[in-house]
Each structure stands twice: as C-alpha cells, then as structure tokens.
Amino acid sequence: MMAFSVRLTFHGDLPFFLRSKSARLERQLTERTSVKDIIEACGVPHTEIDLILKDGKPVDFARVIGTESDIDVFPIEAVSVTAFPEKRLQVLNIRKFVADGHLGKLARDLRLLGIDVVYDRHAEDGQLAMISKTEDRALLTRDRRLLMYGSVRHGCYLKSQHPLEQTVQVIKRFNLGSALTPLTRCLRCNAVLEAAEKAKIVDQLEPLTKIYYDQFRRCPECRQVYWPGSHLEKLQKRIEAIRTATMVQAKGKPVL
Ligand SMILES: [Zn+2]
C-alpha cells in the first residue's frame, strides 16, 4: 500500500495531551488504521473526544482511514451546542463511576456528595476496565493509557493531582450539579445509607453519643453508623469547600 499522510488538528485544550503541545500534527501511515488508533497514537485518549470531523464530515471512532485526510478533533467543551448534535461521541449524563486506586480522596468526595463510585485501592487496570464496561461506569483516572483500552467506553482523565480540583472537574464534566444528594452514601463502601433505630444500634455507640444523639443512619453493607456531631460538621465543611470551588470555576455561575 502507498504511504499517505493524515493531518490532524486538535481543538480546545486537547493539545495538553500532545508531546509537542502544538495543535497541528501530520502523520505518515502505511496501512489502513481506525481514526481512534491514529488519534490515540498522538497521546489523546478517546474518552476526551466528543466530535471528530474527517474532511469536514463527522465520523465515529471506528472509521478506517486509508487515504490522505484532514482530521479535526474536538473535546467536549470546545464543541458548540448546535454543531452535529447527533454525532457526538460522549455520553454526558453518566451517574455511576469507577475510580482507579490512586484516587481515594476523589472517591470519598464524590460519595460524600451522594455519587455512586466503585473504589478499591488494590484494583488492577484490567479489573477497572472490566467494571467500567460491565457496569456501564465512567472510569476516573490519571492514567491515559488505561483510558485507551477499547473496552473503556466512558471515562475522564483527571488533569489535576489535587482532590478538590478533581472533584470539581468530575461534577462539571458529567453535569452532576442536579444529581447530588450529600450525606446519603457510605464513605467506606459506597452503599446507600438507611435510617437506623437507636435501640438497634445502641451497643455500637460511645457513651456520650448514646446520650446526646437520637438520629442515626447505618450502612446496610459494612454496618458503619453515622450521626450528627463533630464528624458530620467536618463533612459539611468539605461539601461547602467543594460547592465554593465549583462556583469559582464556573465563573460565578453556581452549578451545585
Ligand atoms: Zn458501608
């Protein structure tokens, strides 16, 4: 087969993923290759791409490129609301997640806000990809190689190493503002909490807690008991910090 060249233009903040950081690249190919593989060979995981145009026309990830082409690649936030709405490559209304083993603080933040997040700090890459696929969960990670797995349909590359910024990024990316139900999920194991009668859990309580508190919730899975008190105050402060950070990032537009 004759060699042919593919010219790629990466829009929005996608050059962040490129080694050259320059938005335009040219690739010489000698065999027919899917557009997903061509783009990922440049360093950009497919989970970050919402629209691909080949010579001005939208294509999906599986499109095979075999001749000279101009490819435009757009991230989610760089596509105008009206451009090719039926050809978008990402699903944005995902409400379930799986976080990789390095993201314990992010997983805890999201659970604190009531978001369903599977997290096991010992999980391996293959397991994470499988959970993402079989349970239809978006994979949260800072490992772009993991996001390039063909089995990972939905995911998000976290740009920051800072848990608060990561939490804000996930809320914005998946538009979770209206889906938040703070303090309804177990921080340890992700199960939804249930109201618990004091009489049934009284033997799990410290003496002062027994005296001062009457309202309790319990995790049906790991049996952890939650009640109002100094611990809850700390959690509420964290929720407030996330809310403030999200508003600042939205330039004053509250999304929570
Ligand atoms: Zn639990």
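Is Cys219 buried or exposed? Cys219 is buried, with a relative accessible area of 0%. Keep that residue in mind as you go through these close-ups of a predicted model.

**View A. Four cysteines hold the zinc ion.** Start with the metal: its protein donors are the SG atoms of Cys186, Cys189, Cys219 and Cys222, lying 2.3 Å from the zinc ion. Look at how those four donor atoms sit around the zinc ion: the angles among them run from 94 to 121°, and the site is tetrahedral. If you go along the sequence instead, the donor residues follow the spacing C-x2-C-x29-C-x2-C. Cys189 belongs to the loop between helix 5 (163-173) and strand 12 (194-196), while Cys219 belongs to the loop between strand 13 (216-218) and strand 14 (225-226), so this pair ties together parts that are 30 residues apart in sequence. What is the relative accessible area of Cys189? For Cys189 the value is 28%, so this residue counts as partly exposed, whereas Cys219 is buried at 0%.

**View B. Thr167 sits in helix 5.** Now hop over to a residue of that helix. Which side chain does the side chain of Thr167 meet in a polar contact? The partner is the side chain of Asp109, at 2.9 Å. Setting aside its neighbours within four places in sequence, Thr167 is in contact with Leu106, Asp109, Leu110, Leu113 and Ile242.

**View C. Strand 1 pairs with strand 2 and with strand 7.** Strand 1 covers residues 4-10, and six of its seven residues are buried, making the strand mostly covered. With strand 2 (residues 24-29), the pairing is antiparallel and takes in six bridges. To spot one of these pairs, find Val6, whose bridge partner in strand 2 is Arg27. Strand 7 (residues 69-75) runs parallel to strand 1, and five bridges join the two. Here you can look for Arg7, which stands opposite Asp70 in strand 7.

**View D. Domain 1 meets domain 2.** Time to step back to the domains. The domain assignment of the chain gives domain 1 as 4-84 and domain 2 as 96-185. How many Å separate the centres of the two domains? Taken over C-alpha atoms, the centres of domain 1 and domain 2 are 25 Å apart. Where the domains touch, 12 residues of domain 1 are in contact with 13 residues of domain 2.

Conventions:
Residues are numbered from 1 along each chain as its sequence is written. This is a predicted model: local features need pLDDT of at least 70, side-chain atom pairs count only at pLDDT 80 or more; totals for chains, interfaces and linings use all residues. Side-chain values use heavy atoms; hydrogens and water are left out. Donors are N, O and S atoms within 2.8 Å of the metal (3.2 Å for Na, K and Ca); water is not among the atoms, so sites may look incomplete. Four donors count as tetrahedral if all angles lie between 85 and 135 degrees; four count as square planar and six as octahedral if opposite donors are over 155 degrees apart and all others between 65 and 115; anything else is irregular. Helices (H or I, at least four residues) and strands (E, at least two) are DSSP runs, numbered from the N terminus. Buried means under 20% relative accessible area, exposed over 50%, partly exposed in between (1.4 Å probe, protein chains only). A polar contact is a pair of N or O atoms within 3.5 Å; within protein, one must be able to donate a hydrogen and the other to accept it, and residues adjacent in sequence count only if both atoms are side-chain atoms. Contact means heavy atoms within 4.5 Å. Two strands pair if DSSP finds at least two bridges between them. Domain bounds come from an automatic or database domain assignment.
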